[in-house]
Amino acid sequence: MSTRTYRDTDTVDFVIVGSGAAGGVVARELAQAGLTVVLMEQGPKFTPRTYTHDELRDWYLGAITNDVVKNPQTFRDDEGKKAQLQQFKPALWYGRAVGGGSLHYTANFWRFHEIDFNERSVLGPVSGTGFADWPLTYADLEPYYTKVEWEIGVSGLAGVNPFDPPRSKPYPMPPLPVKSSGVLFERGARKLGWHPVPAPMAINSVPYRGRSACVHCGFCHGFACEVGAKASSFATVIPEAEATGRCEVRSDSYVFRIETNKAGRATGVTYFDRDRTERFQRARAVVVCANGAETPRLLLMSASSQFRHGLANSSGLVGKYLMFNTNSRTVGVFEHELNEYKSVQVTRIVHDFYDSDPARGYYGGGGLDARMGPQPTTWALRTATEGPSWGGEFKARLREFPRGMQVACHGTSLAIESNNVTLDPELKDAWGLPALRVTYKDHPDDLATSRFLQDRGAEILEAAGALRVTRAPVAPQTSSVHLLGTCRMGNDPRTSVIDNYHRSHDVPNLFLCDGSSLVTSGRGQPTMTIQALAFRAGEHIARFATRGEI
Amino acid sequence: MDSANLSRRSLLQAIAAVIASAATPIGWTEAAAAMEQAHAASLEGGDATISFLTTAEALDVEAVAAQIVPTDEFPGAREAGAVYFIDRALATFFSQLAGDYRAQLASFQASYRERYPAAASFASVKSEQQIEHLRSIDETPFFNTTRLLTLLGMFSLPAYGGNRGGIGWKLIGFEDRHVFHPPFGYYDRDYPGFSLDKAK
């Protein structure tokens, strides 16, 4: 397909930085509203033919994600320490190709609940944290959740989860076929009096909007979908943006600076093209959708004499309040084969413990799901951390692969200022730009919630008749794919970076929309909310543009 | 570089570009090069070769790998060719680990010699003695890295040098296919469909 291209000297209406879950949606919304768009992406543009079942390449060599050699990061768990180079696995892991993280996500598409937006008011403060309400409510976002379900494509069953927030429409597709893990999970949870339901997944259960139904190959998590059944931006909104004839997707284009003029307005972006030539694209406005790691990094790298501490950073909160969500898991081994390596990750979930319960003595809540482990390589590496780790007994555990499943638990992370993304003072990436430095330590309440949820997961597996149940150790996290909260939304410019419509408080023609916008972490499945925010942001930004209000 | 087309021609161009720019060798391109090498070796009918490790090092690493996933009535790391994967990894796509690993391996060998001065090498002694020694060092960086690479070698695509003939996948019952149909396993065979009536 030949699509519109622009020259650097053309002043386009919008440059969007980042082509992932949020950037793809914003690009489509703006282009469909008649505006001209250049969508910049650090990584390459692949074709579905390139997507394979190569675990080593996709999980450990950064084929579709940032890799530790080209895009090195440092990590520490305390701001008083020197951060250490991560040699094998990035601390913050994200898609680095057209489609971004939506290429490799698992596609769990839970809506946030009403409580996620006003929990601070309901529960009161948590000392030492930046726990806060959102400047919008679930009701404000509901139409956009529905838009995600129908325009991106989500499979599920409405009206069966007693904990679901109100919805204006059912799902457009029936749930995916249940797996053995889902059957066992449903059986166990019901014995305990809980409410297991089919999982909402952004994966086609039937052909939808010109895309294929899932072929159950089993390579969703960490892989890009070969048949386009998983609803990445690459497979859904980006082709629709290009089809307007107004959006150019510019891959291998690494934006490292947002330029501003004396009036304090953004004039465009400076980037390295695929030949590492420095170029400048002019634009009337800039939208950064580069994810919760790269968005704050770009703002910090855009510091100038006018914006000494980084662009849009008068609050000092750019990069702060990083939230990962907690994860814990329990592995169950059963008598017969489940063959969990086939089909999608998750087919059943439980939300009975979604809300925080002050009676537990700590803040937090979450959801549980029945899922396969990862595919063989990562599964073997994990197995080595959960019992015998070498020798004959370990080998016997490896051979349990087809008879195992896990209950994965996803929980809240509190916003803590000392959990953050900054520029490493020494380390540079392969382009000579400052590397990401990550500082993170889970709040004790988050770890307590994670253990609480893990115990519920173990109960489900025991009730389902597992022969053996193994709890993976719950420990402070040093790595995540959920990159949230680092340019938070709020009404007060002193305590937030962007307003209710994603406009930065400091620079009128600069908008930020991605995981960095989130004020609270939700219960572990953020992409649905990131895309709902992106649809809402796209609609409002287009309106501002056409009314001359940018 | 448009990595979409990994034909041999564009691959060679990509590698040439990386070398020309004197950039640090990186992830996918390197991996693809390693796959090409393995593929070429299999086409030529030659054995995979050891290029990074010395012969003595390779024998010791293979012996450790063979204790991590031992051979019993089913094949283990030795039959899967894990050491060839490890060697290729250190020479190419995990070259960032190579310097540290070689030093860790040297200290492993030194610790072994100190404990058993009479033995020619770790690889040359009986399995029981190897196990006894490994029990005392199985939390060292050397052992952890060897386990990591052994498991990657057991289960990654055979094109990377290990998992020969899909031995690792067969061992654990993984089918390498791109399309499956329900039912997937034993427990979803007779599932009657989701119903709220079943609750309680």
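Reader: Hi! Which residue is the bridge partner of A:Arg348 in β12(A)?

Author: Hello! In this predicted model, A:Arg348 has A:Ala370 of β12(A) as its bridge partner. The strands β11 (residues 346–350) and β12 of chain A are joined by four bridges and run antiparallel.

Reader: And how many bridges join β12(A) to β13 (residues 404–411) of chain A?

Author: Six bridges, and that pair runs antiparallel. You can look for A:Gly366, which stands opposite A:Gly411 in β13(A).

Reader: Nice. How many residues of β12(A) are buried?

Author: Six of the six residues in β12 (residues 366–371) of chain A are buried, so this strand is largely enclosed by the rest of the structure.

Reader: Which of its residues point one way, and which the other?

Author: A:Gly366, A:Leu368 and A:Ala370 point one way from β12(A), while A:Gly367, A:Asp369 and A:Arg371 point the other way. Here is the background: in a regular strand, side chains alternate between the two faces of the sheet.

Reader: Which way do β3 and β15 of chain A run, parallel or antiparallel?

Author: Parallel: four bridges join β3 (residues 73–76) to β15 (residues 434–439) in chain A. One place to look is A:Arg76, whose bridge partner in β15(A) is A:Thr439.

Reader: Is α8(A) mostly covered or mostly open? What's the count?

Author: Mostly covered: ten of the eleven residues in α8 (residues 291–301) of chain A are buried. Among them are A:Glu294 and A:Arg297, along with A:Leu298, A:Leu299 and A:Leu300.

Reader: Let's move to helix pairs. At what angle do α6(A) and α11(A) pack?

Author: α6(A) and α11 (residues 444–463) of chain A pack at about 105°, and their axes are 7 Å apart. That makes α6(A) roughly perpendicular to α11(A).

Reader: Which residues meet there?

Author: From α6(A) come A:Phe185, A:Gly188, A:Ala189 and A:Lys191, and they meet A:Ile460, A:Leu461 and A:Ala463 of α11(A). By type, the residues of this contact are five nonpolar, one polar and one charged.

Reader: How many residues does each chain give to the contact between A and B?

Author: Chain A gives 53 residues and chain B gives 50 residues. On the chain A side, the elements giving two or more residues are α2 (55–60), α6 (180–191), α9 (376–383) and α10 (392–398). That side of chain A divides into 27 nonpolar, 13 polar and 13 charged residues.

Reader: Last one, the big picture. How many helices and strands does chain A have?

Author: Chain A has twelve helices and 17 strands. Its radius of gyration is 22 Å, close to the 24 Å from the globule rule for 550 residues, so chain A is as compact as a globular protein of that length. Along its principal axes, the C-alpha trace of chain A spans about 70 × 50 × 50 Å.

Reader: And what share of chain A is buried?

Author: Buried residues are 62% of the 550 in chain A. Among its contacts between residues at least 6 apart in sequence, 73% join residues at least 24 apart.

Notes. Residues numbered from 1 in each chain as written. Chains lettered and ligands numbered in written order. Predicted model: local features only at pLDDT ≥ 70, side-chain atom pairs only at ≥ 80, totals over all residues. Contact = placed C-beta atoms within 7 Å. Nonpolar A, V, L, I, M, F, W, Y, C, P; charged D, E, K, R; others polar. Axes fitted to C-alpha atoms, helices over the stretch in contact; angles between N-to-C directions. Parallel < 35°, antiparallel > 145°, perpendicular 65-115°, else oblique. Rg over C-alpha atoms; globule rule 2.2 N^0.38 Å. Buried ≥ 20, exposed ≤ 12 C-beta atoms within 10 Å, placed from the backbone. Pairing = 2+ DSSP bridges.
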